[in-house]
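Open the model in your viewer and keep the selection tool at hand. This tour goes from stop to stop, saying what to select next and what is there.

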Amino acid sequence: MISAQNLSVQFGKRVLFKEVNIKFSPGNCYGIIGANGAGKSTFLKILSGEIEPTDGQIQVDHGKRIAVLKQDQFEYDEQRVLDTVIIGHKSLFKLSKEREELYAKTEFTEEEGIRMGEIEAEFAEMNGYEAESDAGTLLSGLGLNSEYLDKKMKDLESGEKVKVLLAQALFGNPDILLLDEPTNNLDIQSIEWLEDFLIKFNNTVIVVSHDRHFLDSVCTHIADIDFKQINTFVGNYSFWQEAVRLITRQKKDQQRKNEDKAKELRDFISRFSANASKAKQATSRKKMLDKLDLENMPHSSRRFPYIEFKPDRECGNIILNIENLSKTLNGEKLFSNFNLTVNPNDKIAFISENDLAISAFFDIINNELEADSGSFEWGVTISNSYFAKEHNKEFAMGLPIVEWLRQYSKDSEETYIRSFLGRMLFSQEEALKATNVLSGGEKVRCMLSKTMLSGANTLILDDPTNHLDLEAISSLNDALVKYSEVILLASHDHALLDSTANRIIELTPNGVIDKMMTYNEFLHDEDVKAKKQELLGLQSV
């Protein structure tokens, strides 16, 4: 077990945590959530000992080993991949090096002989004889086969380094596992492998992630950073989120009878108990949910922005027709001879192993980039709004937010613009901030505000969840599900794609896979897998 006792953390006048007391128990996976800047990553660094708290202490049960997902991709550049993974168990790695040095000698002193016997006993106790095999198994699960084992870390691509560092953290069955954004830069197959690994993992996991699907899949508890405290709640992120919304709604309706409130909460808990998706997680979570005290339901100070897209008119029968579209950029073929007919009510998720292919495609159909060949034509009834991944140029003039948004509003009244910004969590004072000094998340909320004001009947969204906190992502997700017209969407948010899209298109340099199905169905469809292998074969020819 690992715990924090009377933990306080302060940077200058800014207080992150004040007298926090919390325990993390074996067998549970805790998802750390909180508003941007609340101190999620800082808290993990304090648990790992990388940062000292202002006051209080961290206690770890005697003999328990903590493993941390490292963020520095260059730290092990001169190490072999295999050694980098085994370094995750520092004591074992140090012992193995001492063992190698002794075995390299042609003669032993009596003391060295005695030490060799001790080393062999310790090495066996630490499963040292299986270390290389275990490390290779972890790497294989993450998509790195045996040819990577002897490579130097400096010779790997960025995404490959991330996988090695993740394998390092998982290696050797650590007692306490600390993971900060473990799904970043991972492909979907590696994320699914990691989910399965953590579901079966019997020790303590504490994870920070903006991936709601991942949090829902692996977490037994949510640890919420709010009011400078950290409070734990049974269940996954979706349970926490819906519970907060329910309680917030009930607070606004003070006339509701207490017994009605209790009944609604119990019904809500019962539904989540019945719908848990993973066998091991479901069993433990249901037991805890069944015992949940209504007084311990989560409360939160955080607010969800109000996001709603209302088209001014319905789409006609002709949305977008594309014929033989091709694009090569900087010598790299992104897609070729791409044909597409977008239909009414299509909500299409575009995916690719190369994000640049999707961004280039979106830029082309919005006349911001020229195709090498082919053509496209929008229907006469279509008005589209484009949320580009790279949108900093939109804010270069440095206008106050209220003036920036006024440019895109049919109603230019100050009260209307300010009320609209208020729904997007820009207070009266924040509405006067210059747009060229906004954070990434604030810029995205501005872009979403512009999209809402457009009245468009076709939304083109390229990674709209970048820089958003979980509350804003959830609100955006709900808005896209409710949107009645056409969506062309790219995102790395699994839950967003699966709940929104009814059609999946994967772009490759040698062809396109186009299926009318959900994202989850697409990922596990055997025909899709076979088609991918065929396209990969063409690429290698």
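Begin by selecting helices α6 and α7 (residues 188-200), which pack at an angle of about 5° with their axes 13 Å apart; helices here are DSSP runs of H or I with at least four residues, strands are runs of E with at least two, and both are numbered from the N terminus. The axes are lines fitted to C-alpha atoms, for helices over the stretch in contact, and angles run from 0 to 180 degrees between N-to-C directions. That angle makes α6 roughly parallel to α7, a label used for angles under 35 degrees.

Before going on, note that this is a predicted model, in which local features need pLDDT of at least 70 and side-chain atom pairs count only at pLDDT 80 or more, while totals for chains, interfaces and linings use all residues. Residues are numbered from 1 along each chain as its sequence is written, and side-chain values use heavy atoms, with hydrogens and water left out.

Now show the side chains of Lys163, Leu166 and Leu170 in α6, which meet Ser190, Trp193, Leu194 and Phe197 in α7, where contact means heavy atoms within 4.5 Å.

Next, select Leu139, Val164, Leu166, Phe171, Leu177, Leu179 and Leu198, the residues with the most contacts inside the largest nonpolar core, which has 55 residues. Such a core is a set of buried Ala, Val, Leu, Ile, Met, Phe, Trp, Tyr and Cys residues joined through side-chain atoms within 4.5 Å, and buried means under 20% relative accessible area, exposed over 50% and partly exposed in between, with a 1.4 Å probe and protein chains only. Helix α6 (residues 158-170) gives the largest share of this core, seven residues.

Then move to Glu181, in the loop between β6 (176-180) and α7, which has a positive phi of about 50° although it is not a glycine. Is Glu181 buried or exposed? At 16% relative accessibility, Glu181 counts as buried. For contrast, select His467 in the loop between β15 and α16 (470-482): His467 has a positive phi of about 75°, but counts as exposed at 54% relative accessibility.

Finish at the open sheet of six strands, ordered β14-β15-β16-β12-β17-β18 with mixed pairing; two strands pair if DSSP finds at least two bridges between them. At the edges stand β14 (384-387) and β18 (511-515), each with a single partner strand, so one side of each is left without a neighbour in the sheet.

Technical notes: Angles under 35 degrees count as roughly parallel, over 145 as roughly antiparallel, 65 to 115 as roughly perpendicular and the rest as oblique.
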